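Here are some notes to read alongside the model. Take the points in any order you like.

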Number of protein chains: 2
Amino acid sequence: MLSSTPAPKGKVLTYESINPRIREVQYAVRGELAIKAEELKLRLDKGDRTLAFDRIVNCNIGNPQQLQQKPITFFRQVAALTEYPDLLSEEQLPITQQLFPADAVARAREILASAGGAIGAYSHSQGIRSIREHVADFIAARDGSPASADDIYLTAGASAGVQQLMQLIISGPEVGVMIPIPQYPLYTATLALYQAHPVPYYLDEAHAWGMNVQDLEASLHTARGRGVDVRALVIINPGNPTGQCLSESNMREVVEFCHRERLVLLADEVYQTNFYEPDTRPFHSFKKILRSCPAPVRDEVELVSFHSISKGMVGECGRRGGYFECTNIDPEVMKQVYKMASVNLCPNVQGQILVDLMVKPPQPSDPSYPQYRTEVDGIFASLRRRSRRLHQAFNEMEGCSCNPAEGAMYLFPSIQLPPKALAAAEEAGKNPDDFYCLRMLDATGVCVIPGSGFGQKEGTYHFRSTFLPPEALFDTFIADLKKFHQEFMDKYRS
Amino acid sequence: MLSSTPAPKGKVLTYESINPRIREVQYAVRGELAIKAEELKLRLDKGDRTLAFDRIVNCNIGNPQQLQQKPITFFRQVAALTEYPDLLSEEQLPITQQLFPADAVARAREILASAGGAIGAYSHSQGIRSIREHVADFIAARDGSPASADDIYLTAGASAGVQQLMQLIISGPEVGVMIPIPQYPLYTATLALYQAHPVPYYLDEAHAWGMNVQDLEASLHTARGRGVDVRALVIINPGNPTGQCLSESNMREVVEFCHRERLVLLADEVYQTNFYEPDTRPFHSFKKILRSCPAPVRDEVELVSFHSISKGMVGECGRRGGYFECTNIDPEVMKQVYKMASVNLCPNVQGQILVDLMVKPPQPSDPSYPQYRTEVDGIFASLRRRSRRLHQAFNEMEGCSCNPAEGAMYLFPSIQLPPKALAAAEEAGKNPDDFYCLRMLDATGVCVIPGSGFGQKEGTYHFRSTFLPPEALFDTFIADLKKFHQEFMDKYRS
């Protein structure tokens, strides 16, 4: 049949025709395991009772409020008041005061004033000025050295900030960035997307996942020898997925290495309040260490530090808030950072407000302080207890060994899989650790992420699990894991 | 002096060493004019009384709440309740009910339940399922044809969505994307960043900024003749900065053009409720037009449509919320879209909640409906009045002519600058329209954006101004503009 309409044609956008760098991106934290867990959850929600469990336990991602962690009350009170300023009107205030403490009311007024009365407007692209000033005060108090609001950019979470900086640094396919292995896969994903070389350095499992400057040097020189223009070093401290907290002397060595080798230091410090051995392994910021180095190091090493409202005892993941601070970055480069922030208009104001609250929480003389203190201390103590219990459980499991979490929200146990399990994995067309984790999900409803998603030494197998399930469920959670593991090992033992 | 510390070296990151594509990005909406306006505002805030004005009027950006537009009360009531769910507890509810209407309470409960009780958790990377279902219902009702939650991605504003899709489409430097001239500079900025060819087509100022398919074809064939792999066509409807609202027949021609030429249609429809001539120029979505085309067009043209909470009568810019809907996109490509969304974890939940409220506002039987209706109708009527007043004012100014705003939030008048003004601009090292706009800012405190930031036919000069200043200030605003313009023309008239 003749027709003026042309014959059907294939799609313009196909798997083959799209940006090939997107095809190469991998992000295991919400990858195969997480997608399968979602499908199982949907089946449970629809009343399917044929599964071996009655709920999914998402240990694949550091998402505390998904697992019943309560938000900090004061933060949410202030957030609610800024959303609906009519509550602060003369007419409604007497009723509002029955529901909200005086310091929440005062703080909401302060934040509204700093946003020109309108949190519904685009803010300054760098973030609301007074909030950046509060961040600078927080950094200055933390480090004992000055910080400036001009050097701080508020962001929609730390991930958005990391991507902005990576995009700036990567000028072409010859550029490389040093990343830890194991690493949080945002880094490999971003390097794949912007087509740069990951230059891996290994964290030392036998020495509490520490960094070794000789290894850094060896990795750097190998890459440079191959013609890679290595420009930056990523450090996650406290570590993700590894949980280590770096010592001051180790950090100093690293800063000197960056100076010697002309590397921009990208310090992912989103877990800076999640450290569980404050006496032996306290957190130090790289900004503080850098500023305590002698000149010219202190004034020359280019440093960008990232922080977030998603972690710590705050756990406000859904809100997408964070900031980065630039130290020793060229002013002309800072102008380009500003320009790119302006294309994106502004980070969401609700996230900015939570940054403000995180860096300037209630003080001892404030009415909300006792409740704030109790909530923060309670979450912290519980995280530490859960970290220790899960750590102990992993070390009691056959063929499993695990460093303690000095910090962050994860454990990264190593598992020795029997040859029959390796063979079964191969037959199923899976990596051995993927195979193990899929079996765990099927047997228990617990979703963890295989070590291959983070990187691991060849021939070793790991997985990452958060220790975020609610404490009341921890006995069952641990019993389920142990039972699954024992049955798995029994099945595949030679 | 000998030292073990190496000699100081230059920065790793300099203007010359960073990503060259970032250097090339231009974004006038928050560029030179906006930065200068900010500096002037800071001077005013600090008490400087030497300026010719006492306040800055930001007409550079569609940011209604910055210019005193009030948020929709019901939306903010629900947002506040979701922030602080304790207000919904049995104990506090009797007090809460004195401050919040029953439907706001019910809706907050519904949203909290759909977020698993925890708006502080990362949501599904594509956005909360029930919110996507509400978006699908909204689209189906708007267009009279079905929509699916699976095809919808919630985003942190439309800009974030556009960037995601552009990144997907641009597979290499040979790729081109057709964009209108004048255009919203997000598009040229994004093409510069991802290193693709802008393939311009001109909107016809003499015919109400309409589209002409012959021009589209000519532009496309010229680009393809040069070896550019043109893959997509961007349409902003209602137009930004031009304000036109496309006719149904024009849209149908464009859809057929996309089918014939195998172009993905990217429809920026963020101003879909800002149309001011509903009888002669109603808004039609491209989804509706596409679905009303005969097969195979209706089932083959790949379409992505963008919407936002920042515009319309909602105006919630600071919150960063929006969505895009994919039509006829290959399922394998959709998987890649999901993967990239998952790397970014999730769009901020507060923005998602506002999308939910925008697409599912109070209904006539709800207690909040009368107030909601009054607020929306009031904002709409006022926007239309302001658009007409400013349009008339521009057309009364010497050498100035301006199409009416059929839609959106902007006027884009053409100005004929006298030769002496062109010479003065050249001497100042500025584009003539930049020169004019800078003078306007200095004389009046009104910040508008030069036409060069959006693109314009060579030898013509324009500027974009929102018509968002508060109605109470409109007399002064217009008088200031007219006085400045007359003095400028008097000064430079030959």
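1. A:Tyr153 and A:Phe324 are both buried, where buried means under 20% relative accessible area, exposed over 50% and partly exposed in between, using a 1.4 Å probe and protein chains only. Before going on, some ground rules: this is a predicted model, where local features need pLDDT of at least 70, side-chain atom pairs count only at pLDDT 80 or more, and totals for chains, interfaces and linings use all residues. Residues are numbered from 1 along each chain as its sequence is written, chains are lettered from A and ligands numbered from 1 in the order in which they are written, and side-chain values use heavy atoms, with hydrogens and water left out.

2. How many aromatic pairs are there over all chains? The count is 40, taking rings of Phe, Tyr and Trp (its six-membered ring) as paired if their centres lie within 6.5 Å, with planes under 30 degrees apart called stacked, over 60 edge-to-face and the rest tilted. A:Tyr153 and A:Phe324 are a stacked pair, because their planes are at 10° with the ring centres 5.3 Å apart. This pair links distant parts of the chain, 171 residues apart: A:Tyr153 is in strand β2 (residues 152-155) of chain A and A:Phe324 in strand β8 (residues 322-327) of chain A. Helices (H or I, at least four residues) and strands (E, at least two) are DSSP runs, numbered from the N terminus.

3. Now look at A:Phe394 and A:Phe463: their ring centres are 5.3 Å apart but the planes are at 85°, so this pair is edge-to-face. A:Phe394 belongs to helix α15 (residues 369-396) of chain A and A:Phe463 to strand β14 (residues 463-466) of chain A, so the pair ties together parts 69 residues apart in sequence. Both A:Phe394 and A:Phe463 are buried. Ring pairs also link them into a cluster with A:Phe435, A:Tyr436, A:Phe484, A:Phe488 and A:Tyr492.

4. A:Tyr436 from that cluster turns up again as a contact of A:His485, along with A:Met397, A:Glu398 and A:Ile415, leaving aside neighbours within four places in sequence. Contact here means heavy atoms within 4.5 Å. A:His485 sits in helix α18 (residues 474-492) of chain A and counts as buried at 1% relative accessibility.

5. Helix α17 (residues 432-444) of chain A has its end C-alpha atoms 18 Å apart, which agrees with the 18 Å that its 13 residues should span at 1.5 Å a residue; the expected span is 1.5 Å times one less than the number of residues. Of those 13 residues, 10 are buried, including A:Phe435 and A:Tyr436. After α17(A) comes A:Gly445, with a positive phi near 80°.

6. Is A:Val333 buried or exposed? A:Val333 is buried, with a relative accessible area of 0%, and it is found in helix α13 (residues 331-343) of chain A. Beyond its neighbours within four places in sequence, A:Val333 is in contact with A:Leu168 as well as B:Leu13, B:Thr14, B:Tyr15 and B:Ile18. A:Leu168 is one of the buried residues of α7(A), and 10 of the 12 residues of that helix are buried, so it is largely enclosed by the rest of the structure.

7. Finally, see where helix α3 (residues 73-83) of chain A packs with helix α3 (residues 73-83) of chain B, at an angle of about 180° and with axes 8 Å apart. Axes are lines fitted to C-alpha atoms, for helices over the stretch in contact, and angles run from 0 to 180 degrees between N-to-C directions. That makes α3(A) roughly antiparallel to α3(B) (under 35 degrees is roughly parallel, over 145 roughly antiparallel, 65 to 115 roughly perpendicular and the rest oblique). Among the residues making the contact are A:Arg76 and A:Glu83 of α3(A) and B:Arg76 and B:Glu83 of α3(B).
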